[in-house]
Amino acid sequence: MRKKLVAGNWKMHKNLTESQALITEIRGIVRDEFRQNDAEIVVCPSALALASSARLVEGSEIQIGAQNVNENKEGAYTGEWSASMLKSAGATHVIIGHSERRQYYNETSEACALKNKAAIAEELTVLYCVGESLEERESNQHFDVIKDQLEKGLEGISSEEMSHVVIAYEPVWAIGTGKTASSEQAQEVHAFIRGLIESKYGLNIAESVRILYGGSVKPDNAKEIFGQPDIDGGLIGGASLKPRDFFEIIKAAR
Ligand code: PEP
């Protein structure tokens, strides 16, 4: 039985003061309303707010994730941060290969594989994102695109290391657009991803790896999406900045 996971991606929103206020509000709701069997919760603030957010959620059910990592251990890489830095700031998770990073910072799946390796070496759990553009979906290339992103991004990851991997399927056309993939469309791709993992790592790992859906998940559509057999929770953008909505989505994973 896979435990569901709901992760919030704050992207480049909220300064330090605002981040502290937001994480404190989320912590309060979780403290009052979290049930023992609820989904695992991860919040990914900006790197700037990582350390203080991690301190503010100490002793709670909330874990902290980063939104990016450099693939090198250390060195002259101005403006970057390593996996060990993220870990020392209190992060337990890191989002890798988000479509915004692929699109605006030219991150390739090959680069993501190096980042995945570097993060796992520090025992961080990676939320590795894959997903097709609207054009790719409309020309029926989505399965090929996702297969390619998955194969290249997981290159060099061993079976043992797969316990540190969560996959997030995020159709680019559904991110921040208000358009959600139908639950059937999402389930079809999730089952496809699980099949690819099975062919590479075998049935046991395929059945234990969690595959999240992301793309305009809101309180009113979360239950139906999370109810699909191969959907193990969500990666939430916009709605994760609204504490009540975020918790309603967490509850939808019950
Ligand atoms: C995301 O950025 O990963 C995301 C899914 O965003 P949104 O929920 O706003 O579509």
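## Ligand shell

Ala, Val, Leu, Ile, Met, Phe, Trp, Tyr, Cys and Pro count here as nonpolar, Asp, Glu, Lys and Arg as charged, and the others, Gly among them, as polar. By these classes, four nonpolar, eight polar and two charged residues form the shell around the ligand. The ligand is surrounded by 14 residues, each with a heavy atom within 4 Å of it; the closest are Lys11, Glu170, Gly176, Ser216 and Gly238.

## Basis of the values

This is a predicted model, in which local features need pLDDT of at least 70 and side-chain atom pairs pLDDT 80 or more, while totals for chains, interfaces and linings use all residues. Residues are numbered from 1 along each chain as its sequence is written, and side-chain values use heavy atoms, with hydrogens and water left out.

## Ligand contacts

A polar side-chain atom of histidine 98 lies 2.9 Å from an oxygen atom of the ligand. The ligand taken alone exposes 300 Å², and the protein buries 97% of that (Shrake-Rupley method, 1.4 Å probe).

## Cysteines

A disulfide requires a pair of cysteine sulfur atoms within 2.5 Å, and the count by this rule is zero. Cysteine 112 is in no disulfide, its nearest cysteine sulfur being that of cysteine 129, 8.5 Å away. That separation is too far for a bond.

Cysteine 112 counts as buried because its relative accessibility is 0%, where buried means under 20% relative accessible area (1.4 Å probe, protein chains only). Cysteine 129, at 1%, is likewise buried.

Conventions
Buried < 20%, exposed > 50% of the residue type's maximum accessible area, 1.4 Å probe, protein only. Polar contact = N/O pair within 3.5 Å; in protein donor to acceptor, adjacent residues only side chain to side chain.
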